[in-house]
Structures are given as structure tokens and as C-alpha cells.
Amino acid sequence: MSLALPPEDAFAGPFPLASLDGPEPLEERQERWRKELSAAIYGPLPPAPAELEVEASPLGEASAERIEITMRSAIGARTLTVDAALWRPESRGDAPLIAGLGFAGPAGILSGPDFPLDRRARIHCRPELGILNGRLHDVLRGTEAHRWPVEMLTARGYAVMVSCYGSWAPDDPDEILRHGACPFVGLDTGAISLWAWAIQRLLDSAGRLGGLDMGQVAVAGHSRLGKAALWAAANDTRIGAVLANNSGCAGAAPAGHAVGETLAQMAAAFPHWIRPQRRAAALDQHHLIACAAPRKVYVASAEQDLWADPAGSYLALVAASEAWPRTCSWPGIEEMWAGAHQTRHAALGHHLRPGGHELLPHDWQLFLDFLDGGHA
């Protein structure tokens, strides 16, 4: 069944995305893009902690383990402790890993009471859930199981590691300065950089647990956490693949495509997310995507999610593809919207599904097919 044709405001007219070509080798261009993106949008990515310890313990429900991550800083002997959960597949041998941040973290995936709630975390959740001040609450338990369908993922042979993003950097412009990574690292930077730093620390922790194939690591994120997943992948070559779902402005959606949220609107609504400065004239989000080359990148969008600019996100992925060694053939934007639905190449993939701003098991199914199969 074909998707309906988009409303006219889904597309802007033709817009220029600067070529990624340059006189220096790709690795040098990527390093320059990372520095420019850090200065123009995200703020600096903090360094790794001086020490990191990991303790795993079984949870009473399902097959999950509680992972307690304790970090110590070289600056003033500061300490930060954050919980995560790990699910392992039944298959023997080292399992490939999918890691990421969730809005309610493991408590949002597990329906039972066993996983503790971080009372200092601050999160964003749907207003209809009735959560005040962004605090984690028992009513959130199990509400995000559809966003992280761990049974599906482990059945496909993947281990899954998830932590609550609001524990690492509270999603609040005041609380972020008081708790979590910002006071720990002692660095004035944006929350997207802190969440990307958190993803890196999940990988540090996973590497110490055993039974995981750290040569096959994918990270995933939805919405603001899709932005963080892309920024983490741009800065960490341990990440072999990234799923950016409905990542929008400061994610896959380019500023040069006049649809959906703008950086100015984002900075006004969420002043703690980014550190916007004057950006280079030719810099846009296809540079962010291209920072991950030659590793795997998958951009997922939804046809009704115009605020996240699905058409622009697809065009940015197409523009970024010139950073990969193999030439890719891409459907035109109208063809993609009307009938192609999904396009996969060996290292790059995209789909546009019906519906709105959400991460669904269907998105995961297509992403797993991409990880497992490469070409469509």
C-alpha cells in the first residue's frame, strides 16, 4: 500500500547542500566538520572520566541485568553514578550490541517495580501521562516498551543496553546545572553533547561486562535522542551503525530546508540543548551524517512528522552519501514519498513510514533488516 502524497508544505523548493568534496583527505575533512559543528551547534564533547567502574546484578523481572556505572573525575574527585539495564539474547557467544538512551530509561521498558527510579532525573514525557516537573514516577513503568522492544531485538540475536537520558543530563535548563554530567565534567556545553557523552559511557561499560561483541556496536535514538545518537556516532568510531529516528533539527534535518523546526526555535524552547554560535555558511546536517563515514547510518522518518522535516532528512542523507566509497543510487524525493518507502545500501538506509513522531517496533524491524542484510 502506497503512502499518501505529502502536503505541499512537506517540501521546500530546491535548496543547496554544499558538496562534501575538498582538497584534504576525508578523515581531515571530518575532523574539521566535527570542530565546526561543536562550535556552531552542540558545544564541546566532554572527555572520558578518569575512572569508570561497572557492577552488574540480576533483576527480578525478565532477563534484564541492572548495570550500575560509577565514574570519577580528575577534577575535584567528583563522582557520578548512573543506572542502565542490559538484556542478552539466548544465543551463545559474544552478542552484537544495540545501545542508547530512553526517555524513561529501563523503568519505561520494564513493567515491574524492580528497577529503581532516579529521583534527580528530569525527563520530557507526553502530557497525557500526567507527570509533573519531569520527575520519574511509577506510572511511567512499561510505557516505553514499544520504543525499545527488547524481546524482538534479543530474538534477532542482539544484546540491548538502555539508560535514562535524564539521569545523565536532566532535561531542564536549571536542573542540568545541578545534577548529572554537567557539574561532573565541569564543562559548559549543550545537553545533546552530554547525552552523546552518555552513550559513549554506555559503550565503555558494555566493554567491561563480557559476552558482548564490541566490534559490532549500533546505537539508536528517537527525537532529541536521535540527535544525540548521530553526534555520538560522529565522534566515536566504536559505533559501527546508528539509527536516527525522527531526529529533526540539529539531527538529520538540514537548516537549509525551510520545513519544520529551526535552530532559533529550538534554542528558544530548549536553551540547554545546544550552544548556538555563528555557523559556517556551508555547514549543514549532511556534514554531521558524513562524519560517520564509512560506518553505517540509518535515517528513519514519518510522513506526518513535518516538524522533524522528513523530506529534508532524506535529502541530507542523500547529500551525505558522497562521503562513502560506493556510489549510491537514490530515488527522487517524490518517488521515495509516494512509493519507495525504504531505500537500503550497504552502509546507508532510510525509511518513511505512515504516522507521526514516535519510535515503533516497525521502525526497529526495518533497522534490524538493514543491519542484518545490507542492500534491499
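**Labels and their grounds**

Q: What makes β6, helix α7 and β7 a right-handed unit?
A: In this predicted model, strand β6 (residues 212-222) and β7 run parallel, and together with helix α7 (residues 224-235) they make a β-α-β unit that is right-handed. The term applies because, with the strands pointing away from the viewer, the path from the first strand over the helix to the second runs clockwise.

Q: What makes strand β7 mostly covered?
A: Five of the five residues of β7 (residues 241-245) are buried. The burial applies to both faces, with A241, L243 and N245 on one side and V242 and A244 on the other.

Q: Why is H222 called buried?
A: H222, whose place is in strand β6, has a relative accessible area of 4%, and because buried means under 20%, H222 is classed as buried. H222 and A300 are 78 residues apart in sequence, while their C-alpha atoms are 9.3 Å apart in space.

Q: Why does D83 count as buried?
A: The relative accessibility of D83 is 18%, and the cut-off is under 20%, so D83, which is found in strand β3 (residues 79-87), counts as buried.

Q: What makes the approach of D83 to R66 a polar contact?
A: The side chain of D83 meets the side chain of R66 at 2.9 Å, and because a polar contact needs a pair of N or O atoms within 3.5 Å, one able to donate a hydrogen and the other to accept it, the pair is given that name.

Q: How much space lies in the largest pocket, and what lines it?
A: The largest pocket holds about 400 Å³ of space and is lined by 27 residues, of which F103, H124, S223, R224 and H357 lie nearest its centre. By class, the lining has eleven nonpolar, eight polar and eight charged residues.

Terms used
Residues are numbered from 1 along each chain as its sequence is written. This is a predicted model: local features need pLDDT of at least 70, side-chain atom pairs count only at pLDDT 80 or more; totals for chains, interfaces and linings use all residues. Side-chain values use heavy atoms; hydrogens and water are left out. Buried means under 20% relative accessible area, exposed over 50%, partly exposed in between (1.4 Å probe, protein chains only). Helices (H or I, at least four residues) and strands (E, at least two) are DSSP runs, numbered from the N terminus. Two strands pair if DSSP finds at least two bridges between them. On a 1 Å grid over the protein atoms alone, a cavity is a set of points where a 1.4 Å probe fits but cannot get out, and a pocket is an open set with protein on both sides within 12 Å along at least five of seven lines; lining residues have an atom within 4 Å of a point. Grid points are joined across faces, edges and corners, and a volume is the space filled by probe spheres set on the points. Ala, Val, Leu, Ile, Met, Phe, Trp, Tyr, Cys and Pro count as nonpolar, Asp, Glu, Lys and Arg as charged, and the others, Gly among them, as polar.
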